[in-house]
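Subject: Structure handover

Hello,

Please find the structure below, followed by notes on what was found in it.

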Amino acid sequence: MPKTQEAELPGKRVLVLRPDELGPNGQKMWREIRTESGAPANPFLDSVFTVAVGQVRRGARVAVLQDDGSPVGFFPYEAGVLGRGRAIGLGVSDSQGAVLRPGIRLDARRLLRVCGLSSFEFDNLEAGQGAFVPHAAEELASPVVDIGEGFEAYTRRLRAQSPGFLRQTLAKERKLVRQVGEVRFVYDARDAGALRALMEWKSAQYRRTGRRDRFAQEWITRLVELLGESEEPECRGVLSVLYAADRPVAAHFGLRSRTVLSWWFPAYDRAYAKYSPGLVLQLKMLEAAAADGVETLDLGSGPARYKESLKTRDLRVYEGAVVRAVPGGAVHWLGREPARAARRFVRNRPRLAGAAARTLEELGRLRGG
C-alpha cells in the first residue's frame, strides 16, 4: 500500500489517502460535511461509493483537506499514468465533485498540483462545484422525477403533462398479463439470476447500439456486485425486477440514499419488447420508491424520450476537465478534447445526432451484437 502523501494548500493541509484508509471517522466526517453543505444526498457522492471504487480500481484516491487538523473537505479521484486524473468511477458515476464544508474555496489547479495530477476529467460534475465548473466544456441537462409528495400526486401531474404515455404504459401492462401471465414486481429483490439476466440484456444492448459494453469491464461488474451487498442507508444497490409468469422480463439496478434513487442500469428482455416492460417497471419503481421514503429519482444525463415524459424538472451537470500546463496535461488535451468537441458538435445538431445513432446501431448489427 502506498504511503500517505502530505502537501499544503494555502491555509490547509492535504492528506492523500487510499479510500480504505478513510476509516469510520473519515466516512462520518464526509457525511457530516455533505449534509452541512445542503447538496442533494446523491449516493454517488457518498463515501461508500468511493470506498467501493477503491476496491476495484488501483488508482482510486481521496484528498482530505484539513484546517487546524480537522477535515473540511474530501476530493475523490482516480490517478492514472502521467498524472492524468479523473472523477472517481468515471464512466459509471452519475454525480461527481468534491465534498466541501460551506465557505471553503479552492483553486482547482493548485489542488491538482498537491495531488500530483496533471489533469482531472469529469462528465457528470454536479452544480455548485465552484472550483471545477469554470473548467467545464459543456453544461448538460440531467432530468429528475420528484416523488416526495407521493406517487398519487406525481401521477396526477404525469396525466396532465403526458396523458398518452401513462395510458399506453398501463395498457401494455394489461396486455402483458393477458398474453404472458401474472405480473409481479419486486422493488428490492435478492435475485442473483435476475441480476445476471440484467447484465446480459444490458451487454446485448450496448453491442446492438454500437457502444462500449460496460459489463465487459471486470471492474464495473465487481463494483455492481459490491454495492449490491451494501447495507449502508446512504449508498446501497437496489435491484428491482418485473416478472411475468414468474420469469424476469425487465430489471433495474440503481443506487439509493435515504432520499435519492439514481437510475443506473435498466434493461429488459427483448422477447417482450412489444409490452414495453421497461416502462412498466419504471412506473412500479416510482410507486414503490415513493412509499419507501425516496423523494427524487435521478434519471441521469443523456437524451431519451421516456425521460422527457417522466421528468418533473432538470438538474444541471457539467462535462470537461481541469488541465495544468505540464506534459501530462498536454497529453490529456490531445487525447480527449478533439473527440469531446466532435461529440458536442453532433449532439447540438439533432438530425446529425440521429444519423450518428443509426450508424452506431448498424455497426453493432454488423458485429453481431
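Helices (H or I, at least four residues) and strands (E, at least two) are DSSP runs, numbered from the N terminus. This is a predicted model, in which local features need pLDDT of at least 70 and side-chain atom pairs count only at pLDDT 80 or more, while totals for chains, interfaces and linings use all residues. Residues are numbered from 1 along each chain as its sequence is written, and side-chain values use heavy atoms, with hydrogens and water left out.

Two loop residues

Ala245 is in the loop between strand 10 and strand 11. Its phi is positive, about 55°, although Ala245 is not a glycine. Most residues other than glycine have a negative phi. Leu82, in the loop between strand 4 (70–79) and strand 5 (84–87), also has a positive phi of about 55° and is not a glycine. For accessibility, buried means under 20% relative accessible area, exposed over 50%, and partly exposed in between (1.4 Å probe, protein chains only). Leu82 counts as exposed because its relative accessibility is 58%, whereas Ala245, at 46%, is partly exposed.

The cores

A nonpolar core is a set of buried Ala, Val, Leu, Ile, Met, Phe, Trp, Tyr and Cys residues joined through side-chain atoms within 4.5 Å. The largest one has 33 residues, and those touching the most other members are Phe49, Leu223, Leu227, Leu239, Trp264 and Phe265. Two or more residues each come from helix 2 (47–56), helix 6 (192–208), helix 7 (218–228), strand 10 (236–244), strand 11 (247–256) and strand 12 (260–268). Helix 6 gives the largest share, 7 residues. A second, separate core of 30 residues includes Tyr187, Leu242, Ala244 and Ala290.

In helix 7, the buried residues are Trp219, Ile220, Thr221, Leu223, Val224, Leu227 and Gly228. They pack against helix 2, strand 5, helix 6, strand 10, strand 11 and strand 12. Contact means heavy atoms within 4.5 Å. Leaving aside neighbours within four places in sequence, the contacts of Leu227 include Val48, Phe49, Phe253 and Trp264.

Helix 4 (residues 151–161) has Phe151, Ala153, Tyr154, Thr155 and Leu158 buried. These residues pack against strand 8 (136–146), helix 5 (163–179), helix 8 (277–291) and helix 9 (305–310).

Aromatic pairs

Rings of Phe, Tyr and Trp (its six-membered ring) pair if their centres lie within 6.5 Å; planes under 30 degrees apart count as stacked, over 60 as edge-to-face and the rest as tilted. The count comes to 13 aromatic pairs. Phe120 and Phe122 form a tilted pair, 6.1 Å centre to centre with 45° between the planes. Phe120 is buried at 1% relative accessibility, and Phe122 is buried at 0%. Trp264 and Phe265 also form a tilted pair, at 4.8 Å centre to centre and 35° between the planes, and both are buried.

Regards
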